[in-house]
There are 2 protein chains.
Amino acid sequence: MVDINYNAVLEDIKPTEPEKKKVKDLLDKLIHIINKLAVKEGITAEAVLVGSVAKGTWLAGKADIDLFIKFPLNTEERYLKKWGLTLGHKCIEMMNGRAEERYASHPYVTGFINGCEIDFVPCYIIADSSQLKSAVDRTIPHTEYVKRNLKPNQADEVMLLKKFMGSVGTYGSEFKVGGFSGYLCELLVLRYGSFQGVLEAARDSWKPGCIIDLENYGTAELFDDPLIAVDPVDKNRNVAAALNLQKMSEFVVAAGNFLKNPSKEYFYPKNLEFDLSLIKEEFEKRGTKTFLLTFRPPEIPADAVYPQIKKTENSMAQVVEREGFKVLGSDSWTDENEKAVILLELETWKLPRVKKHLGPFIWSKDHQERFLEKYDNCAWVEGDRWVVEVPRKYENAEYFLNDILVENKIGYLQFGKHLKEEILKNHEIIDIIEFLESGKCDDNILEFLYMYLNRSELLWR
Amino acid sequence: MVDINYNAVLEDIKPTEPEKKKVKDLLDKLIHIINKLAVKEGITAEAVLVGSVAKGTWLAGKADIDLFIKFPLNTEERYLKKWGLTLGHKCIEMMNGRAEERYASHPYVTGFINGCEIDFVPCYIIADSSQLKSAVDRTIPHTEYVKRNLKPNQADEVMLLKKFMGSVGTYGSEFKVGGFSGYLCELLVLRYGSFQGVLEAARDSWKPGCIIDLENYGTAELFDDPLIAVDPVDKNRNVAAALNLQKMSEFVVAAGNFLKNPSKEYFYPKNLEFDLSLIKEEFEKRGTKTFLLTFRPPEIPADAVYPQIKKTENSMAQVVEREGFKVLGSDSWTDENEKAVILLELETWKLPRVKKHLGPFIWSKDHQERFLEKYDNCAWVEGDRWVVEVPRKYENAEYFLNDILVENKIGYLQFGKHLKEEILKNHEIIDIIEFLESGKCDDNILEFLYMYLNRSELLWR
């Protein structure tokens, strides 16, 4: 048994009674308003609380309030959208809040009321997943499933798990993280009984392809993800689809570390001590060459930006290697607003003038003829293949990077499409040492660089 | 048809009548002496002329005289060896020649008589290859087969082929060359009719695995060589076993070049124009780093030295690559006496201080524990594998080469065994530019360097 006082941790992470009351009072009021409005307007719709607040698994200070406005399944979609948004807007107005319309799989409105952020989301009432019209329609069944199955004391276990996941860096199913969603945490606690049960299972029995199928649907083979958690309310959905192998592995490692050396510190943010001059020293000591590509992220939702940045990062590493240079590592970061950075650390960044180019086999007459015409007798035979030495187009990785980004001479770089525009509009390629000396490096970028140098830092306390 | 005056070429390459007469007179005398000695001593043995002189396929100035002394199959081996050598020695003595004992598959004696070099080789008379006691026993049947089958005019075709092969660098089955033997040239002419027939077949129809089976033995599948020429006198032997893919390919290319642009020049040594300062300039221009390992070759037969040098060359290239450096090319050379050189041209010869080291999968508990103990929490997770950065043992290829050669710290270098002793005794590793400036570079090494830079030079005229 792990010898740790979870109650002390729970005291810190559970919402306080005043916090709960404040949220409850606000929600009662909002639901009352929406439902009254609906009656008044003659709309067959009803407000319902969903998500972690409804399930009692929210963490102190993290009230993530989702108010769903549910319509009968036979409601016309245009009508649902129109009245869903209208009811939201009116309610926000009546509460003197500020409204902002947003889009997920369909539109919703966010209200900022009394310092709280509340999403008003219209959806359909479905009896089962075959009636699903949009991803949000699953939310009410999710909430109901958890409320129905989670034992009273297990809400605490979910909170411990979420908090642990958060501070080791594996919580969140958004693309930025690629980790575990709140609903997935709840299913894990349902499957393994407790926070500690989840950690022990992860440490002892998880492998890529691990299956959690609470309702025994037997549909796991539909999925090719590292972790497969068949959705109890939709057998054709993997709740862990957004979890990547990296984050799954990190959680397994952090679980093992915690169980070996339990400590309350695993539930609190790690205090990272970093310092520009030490980071600079570290990069210098490695003897590698590190470039930063900096640019402005495009104005698209965060969940679209991160995959595009990752794609560009991977493609840059790939083309640089194809050109003959050697990449030791890469990473990327954005504040989702003004700055984005792609880091490329090179093991080889200067190459000789010549490179070997393999030609056709000498037995292949046609290819050979064309090859020899092109290389005009400077070719030679190695084994039974033609070989030539050709001048390298780029002897220097920095020139290469500059060329492919500015003039886009080399069409094989795979940008995210919105990113391409932004990068071609304006960007900079800068040596990391120069960047660190330039005074342009803020604390966020510094933390990113620190984490690049200490990549699994968060998995230990 | 190729428009070239082969007669003019043949005039140059065929032995002159005086040369033929000189060799014939000498041989008649030697055979007479041996046979008379044998009768006198009461030995059942008889001298017989074999090889290219016997077959009339020798090139002017290249009389390679083999006198075999054949014994009945039931002769005891000790007796054969003793009397074979004795007869040879006595004959050489009577001709006032100088004798030198040598060893192939069994001992023989070489005589230097009147400016000619004659091998006196004892062997058995065999009826067919099942009676074979040593490789030399095949020589008489080889000679007889060729004499029996080669049409009178085809001796000229063999001479053209040998001479062509010689000047494009593919003639000789010794390890130094790895090319075509004289006997193989004869079989090729038997198969394809003429010099030009051989070249056309090579250009048009040869591929790795090509089969020449004059007696239709159907045993070609026994062999896994690039060219398979089933020996007409021994169905279990590939006459082309010593021919490597490189030399086979070079011949095919040279054949194609000649047929496209026939020229007498293909039958004469190519005039290579090289010059120290141009070679130095060429190496400098490439922007690579080239090291030479120089040492004294061991005093073992040439056919043992070359494979050992090649093995060492390949192994050096391999370990240098395994250490993270990149090899662009390598080659080796020896004068078989005082000097041997291994050349290593590097594309990458300096590397950063750190390198990435892949560890076990995070799911593999045992391996993981040992790994983490060793790397004391500086490891991180990539995908589902542990990774660490470790300091590189060698950041500089020159230090690495010096270390593995002097102290032999790193046991995985595969030396030829006699070479290892010589190299550990004394060697030098030197940058090619420094070497070229040192005044130590003689014309032979310069030619080797020139050929490294112009590798298929001999295949064209």
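Visitor: In S5(B), which residue is the bridge partner of Thr110(B)?

Guide: The partner of Thr110(B) is Asp119(B). Strands here are DSSP runs of E with at least two residues, numbered from the N terminus, and two of them pair if DSSP finds at least two bridges between them. This is a predicted model, in which local features need pLDDT of at least 70, side-chain atom pairs count only at pLDDT 80 or more, and totals for chains, interfaces and linings use all residues. Residues are numbered from 1 along each chain as its sequence is written, chains are lettered from A and ligands numbered from 1 in the order in which they are written, and side-chain values use heavy atoms, with hydrogens and water left out.

Visitor: In which sense do S4 and S5 of chain B pair?

Guide: S4(B), residues 107-113, and S5(B) pair in the antiparallel sense over five bridges. Their hairpin has two residues between the strands, and Asn114(B) takes a positive phi near 50° there.

Visitor: Over how many bridges do S2 and S5 of chain B pair?

Guide: S2(B), residues 65-71, and S5(B) share seven bridges in the parallel sense. Lys70(B) stands opposite Cys123(B) of S5(B).

Visitor: Is S5(B) mostly covered or uncovered?

Guide: Buried means under 20% relative accessible area, exposed over 50%, and partly exposed in between, with a 1.4 Å probe and protein chains only. In S5(B), residues 116-124, eight of the nine residues are buried.

Visitor: What is the strand order in the open sheet of chain A?

Guide: The order of its three strands is S6-S7-S8, with mixed pairing. S6(A) (210-212) and S8(A) (234-238) stand at the edges with a single partner strand each, so one side of each lacks a neighbour in the sheet. S6(A) and S7(A), residues 227-231, pair in the parallel sense over three bridges, and Ile212(A) has Ala229(A) as its bridge partner in S7(A).

Conventions. Helices (H or I, at least four residues) and strands (E, at least two) are DSSP runs, numbered from the N terminus.
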